[in-house]
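Here are my notes on the model. Please read them alongside the coordinates.

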Amino acid sequence: MSAEDQDPDGDEEEDIQYFVRIGQTDLDGTKSVERSLTDMNGIGHRAARIIAEEAGIDRRAVFGKLDEEDIDEVVSLVEGFAEEAPEWLANHRNDFFAGETTHETGNDLELTRRQDINRMKMIDSYKGVRHKRGQKVRGQRTKSTGRSEGTIGVNVEAIKEEQAEEAAAEEGDEE
């Protein structure tokens, strides 16, 4: 064993895989399995915990230090999570065209979400109109929040400066 393979404390340094690729997403191998899986779109804490439990892996284990077989098992469970997930856990229920309930992950989630919003805009549903206007969609308050303009309150200093300039201009006109 060479000096490069040891820590300054004398312990052996374990091999760690810094990036684990699932689909089109690179996950951080230095985090725990649960934390790393939640970085992927469509996988939350509960889904990550279920996947780790199904794979028979401690959810607090470092993801990059797992064996290749364990990592491959997690990857296959994530990719097949749509078939194994209960219907109440799915994130895309009752698809408009197919009528099926699916669980989308990765870039597929963003793609289906964008398609659903575009369909709502095209048929001019209430939610589609709100999306077109850039307003709140789910019944939130709009009187005091979600303002798109730059000024929210009254800028007292600017008003006082304008009044001072007007007063100076009036005094200059009188003389």
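Contact here means heavy atoms within 4.5 Å. This is a predicted model, in which local features need pLDDT of at least 70, side-chain atom pairs count only at pLDDT 80 or more, and totals for chains, interfaces and linings use all residues. Residues are numbered from 1 along each chain as its sequence is written, and side-chain values use heavy atoms, with hydrogens and water left out.

1. Ile71 is found in helix H3 (residues 68–79); helices are DSSP runs (H or I, at least four residues), numbered from the N terminus. Ile71 is buried, at 3% relative accessible area (buried is under 20%, exposed over 50%, partly exposed in between; 1.4 Å probe, protein chains only). Leaving aside residues up to four places away in sequence, Ile71 touches Gln17, Val20, Phe63 and Leu66. Ala55 is 16 residues from Ile71 in sequence and 9.2 Å from Ile71 in space, C-alpha to C-alpha.

2. One aromatic pair turns up in a search of the whole structure. Phe96 and Phe97 form it, edge-to-face, at 5.0 Å centre to centre and 85 degrees between the planes (Phe, Tyr and Trp rings, the six-membered one for Trp, pair with centres within 6.5 Å; planes over 60 degrees apart count as edge-to-face, under 30 as stacked, the rest as tilted). Both Phe96 and Phe97 are exposed.

3. Arg119 lies over the face of Phe96, 4.1 Å from the ring centre (the cut-offs: NZ of Lys or CZ of Arg within 6 Å of the ring centre and within 35 degrees of the ring normal).

Terms used:
Helices (H or I, at least four residues) and strands (E, at least two) are DSSP runs, numbered from the N terminus.
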